[in-house]
Each structure stands twice: as structure tokens, then as C-alpha cells.
Amino acid sequence: KSHEELLIPSMSCRAKTNVMFLKTHKTASSTILNIMFRFVERYNLTVALPADQLMHLGYPKIFLASFVEEFQAIGQNYNIMCNHLRFNPSEVKKVMAANTFYFSILRNPISLLESSYIYYKDYAPAFRISKDVNEYLASPMKYYHQADYEQNSYARNLMWFDFGYDNNAEDNEKYIEAVLKEIEQNFHLILIADYFDESMILLKHALCWDLDDVIYFKLNSRSQDTVQTLTPESKERIKAWCSLDWKLYLHFNQTFWRIIEETIGLEVLEKEVNHLRTRQKELMETCLSEQEAVGKEHMKSKGLLPFQSGAANILGYNLKQDLDNRTLRTCQKMVMPELQYTSYLYAVQHPHKKRKQLGLPLLWTTFQEK
């Protein structure tokens with residue numbers, strides 16, 4: 001796909017409303033999900049939401065169209081799809097319109113693995129039985145057993161797995177090249193979490209959206225005290241242990257900057273990133289009683305408490321008390337965690353269905369067993 005078409009002067013372009021976001025794990029994707037959901041509400045769009053009480057579209061199973069609520073009735077008339085799923089292009093195409101824009105996001109596998117370790121500590125067998133992330137990386141095969149491969153997908157080549165591929169595949173040049181090519185054919189754009197603001201500007205241009213459509217408050221991040229420090233040896237080991245993810249990341253990080261240079265250019269990018277940050281700061285001053293995210297113990301409204309997982313203290317926000325109704329609604333949506341927003345849109349879109357249960361805190365996976 002030519003990169004030129006990513007950038008048409010905004011006079012002539014209309015906001016794209018058929019969009020599929022492959023929500024990868026531990027890549028700032030919860031923040032993007034919030035952006036997508038707010039866009040859905042702004043344009044009154046339909047979302048392909050998980051059926052029944054589920055919060056994921058069948059993850060970690062490979063995606064099937066039947067995982068989408070009322071797929072039989074609604075067919076291909078969903079505008080947006082963005083909940084966690086394991087990518088399966090032929091089944092996704094059954095759900096999404098032919099002119100859908102596909103994008104996803106990657107993150108440096110070094111910080112990704114450390115984040116995954118803390119978040120899925122109690123869930124992935126390989127993480128559970130090791131003391132800390134450096135001990136795990138010193139000899140991963142001691143803890144990582146292929147028999148638990150679905151639960152252990154968090155422990156090796158997680159992005160590769162999310163894109164629908166075998167995360168235990170052998171690192172072979174021809175195979176990697178074929179996969180990268182396939183991903184480039186299936187996706188119009190791959191963003192980079194390590195350059196999140198730049199990614200939002202690129203996304204805005206690609207989708208012909210407004211700046212306010214990509215304004216965000218960082219969601220689902222954790223407190224600094226739950227971050228483990230990786231030794232230099234561990235960092236090197238991740239590149240080998242997660243070599244499929246490492247090559248995936250290197251490739252699309254290069255592509256990302258090339259597209260920016262060919263379309264927006266670095267100068268405009270910098271200007272727009274500053275603009276985004278200024279606007280974000282204004283909104284934080286309008287909405288939040290503290291100018292930052294706070295730990296779960298400092299959250300005033302339990303209804304806005306994000307899902308807590310593993311050894312991570314997942315941060316949330318406190319809204320100002322005296323906001324007028326319209327501002328309050330805007331602010332609430334900006335800080336609404338993934339599970340709450342998913343259930344809320346589900347209730348709006350499928351009023352006759354049983355509401356999704358939000359027993360907080362709950363383990364994601366209890367939802368997967370029907």
C-alpha cells in the first residue's frame with residue numbers, strides 16, 4: 001500500500017470510520033482502546049464487542065467471527081473492532097467491511113517482557129515459578145514449558161503470538177521475512193509504543209481524524225515501584241529469547257520512521273506532538289484533581305478503578321468534584337478503564353442482553369471459560 005495515500009491534505013479527506021485495531025498486550029493498547037471507544041461515541045458507530053460475559057474476543061484462542069456479539073444478525077456492519085483478540089485475517093474479514101483500515105502497535109520487547117512479567121506474574125506458569133524477571137531470563141527454559149503454551153504466551157514472543165503466529169517457532173530468516181511481509185499486507189499501519197505521541201499524530205493523519213480524537217490520558221499504567229530493573233545481561237537475553245518479537249520490532253520501528261519522513265515530515269511531526277501535549281495538559285487541568293495518575297489506594301471512585309493484575313499496582317485517576325455535566329462526561333470517558341468502557345458500550349449497543357459482570361478485581365481468564 002502506498003504511503004502517499006496516508007496523507008491527503010485534510011481539506012479533502014473524510015474521517016475513516018471503519019477501523020480495526022489489533023490490541024496487542026502491554027503496548028499502551030488500553031490507551032488506544034479508550035481513544036477508539038470515544039470515537040465510536042462521537043460518530044455513533046457500532047463496535048464488534050465480545051459475546052456473552054467475555055471481555056476479550058476469544059483470546060488466547062485464535063479469533064473466530066462467532067466470538068463477536070450478534071455477528072449472525074449484524075454481519076459485516078461493524079465499524080470498529082478493538083478488543084483483545086489473536087489475529088486471524090480471514091475471520092476478521094467476515095466481521096469488518098472491505099474498506100476497513102487495519103492498524104496495530106508494537107513495543108520494544110525489552111521493556112515489554114519486564115512489563116508482562118509483573119502483570120502476568122500469577123498467571124503465566126513460567127513467571128509464577130521464577131523469583132524475579134532477571135532469574136527467569138538467566139535460564140528461561142528452566143521455567144518455560146511448551147505444554148503450557150497458551151498460558152505461557154505472555155512469557156515469550158508475546159507480540160508474535162498476538163499477531164496469530166507461533167511464538168515458539170524457530171527463528172529462521174525465510175520464515176521471519178514471510179511473516180513480516182504478511183503483516184505488511186494485512187495492516188495499513190503499525191505504531192510504536194515507545195513513541196506514543198508521534199504514533200498518535202501519524203494515526204490522526206492516516207485516519208483523517210481531529211487532534212481531539214487522539215488526545216488521551218495514559219491508561220492502565222503501573223506505579224514505578226512495581227517496575228523491576230533489568231540487568232544488562234537480561235536485556236541482551238531478551239533479544240535472543242524473544243528474537244521473533246525483536247525482529248518484528250526492529251523492522252516496524254524502521255518502517256514507522258520512514259512513513260513519517262515520507263508523509264508528515266519530522267518538522268510538522270514535532271509541531272503537532274507539542275500541540276497534542278499542550279492540549280492534553282489543558283484537559284488534565286480541567287478534569288483531574290491531581291495532575292497525574294494515582295495508585296489504587298488513593299482512588300476516590302471505585303467505579304473508575306482499573307483492573308488490578310499480578311504484582312502491578314495499576315494506576316487510575318481522580319476527577320475534580322465540581323465539574324458541570326458536559327465536562328464531567330468528557331472527563332469520565334477519558335479516564336474510563338477498559339473493562340468498564342467495554343461493558344458500558346455493550347449495554348448501550350445490546351440493551352436486551354444480560355449486562356457484562358464487572359466483579360472487580362477479577363482475573364481476565366475467568367471470563368474465557370464459557
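A cavity is a set of grid points where a 1.4 Å probe fits but cannot get out, and its volume is the space filled by probe spheres set on the points. The model examined here is predicted.

**Exercise 1.** Determine how many cavities of 30 Å³ or more there are, and characterise the largest cavity.

*Solution.* 
1. The count of cavities of 30 Å³ or more is three.
2. For the largest cavity, the volume is about 150 Å³.
3. Its lining consists of 17 residues, and those closest to the centre are Leu-219, Asn-220, Pro-306, Pro-337 and Glu-338.

**Exercise 2.** Locate Lys-320, classify it as buried, partly exposed or exposed, and describe its contacts.

*Solution.* 
1. Lys-320 lies in the loop between helix 12 (266-287) and helix 13 (325-335).
2. The relative accessible area of Lys-320 is 31%. Buried requires under 20% and exposed over 50%; Lys-320 is therefore partly exposed.
3. Leaving aside residues up to four places away in sequence, Lys-320 touches Glu-285, Thr-286, Cys-287, Leu-288 and Ser-289.
4. Of these, Ser-289 is 31 residues from Lys-320 along the chain, yet their C-alpha atoms are separated by 4.6 Å.
5. With Glu-285, the backbone oxygen is 2.4 Å from a polar atom of the Lys-320 side chain.

Technical notes:
Residues numbered from 1 in each chain as written. Predicted model: local features only at pLDDT ≥ 70, side-chain atom pairs only at ≥ 80, totals over all residues. Heavy atoms only, no water. 1 Å grid on protein atoms, 1.4 Å probe; cavity = no way out; pocket = protein on both sides within 12 Å on 5 of 7 lines; lining within 4 Å. Helix = DSSP H or I, 4+ residues; strand = E, 2+ residues; numbered from the N terminus. Buried < 20%, exposed > 50% of the residue type's maximum accessible area, 1.4 Å probe, protein only. Contact = heavy atoms within 4.5 Å. Polar contact = N/O pair within 3.5 Å; in protein donor to acceptor, adjacent residues only side chain to side chain.
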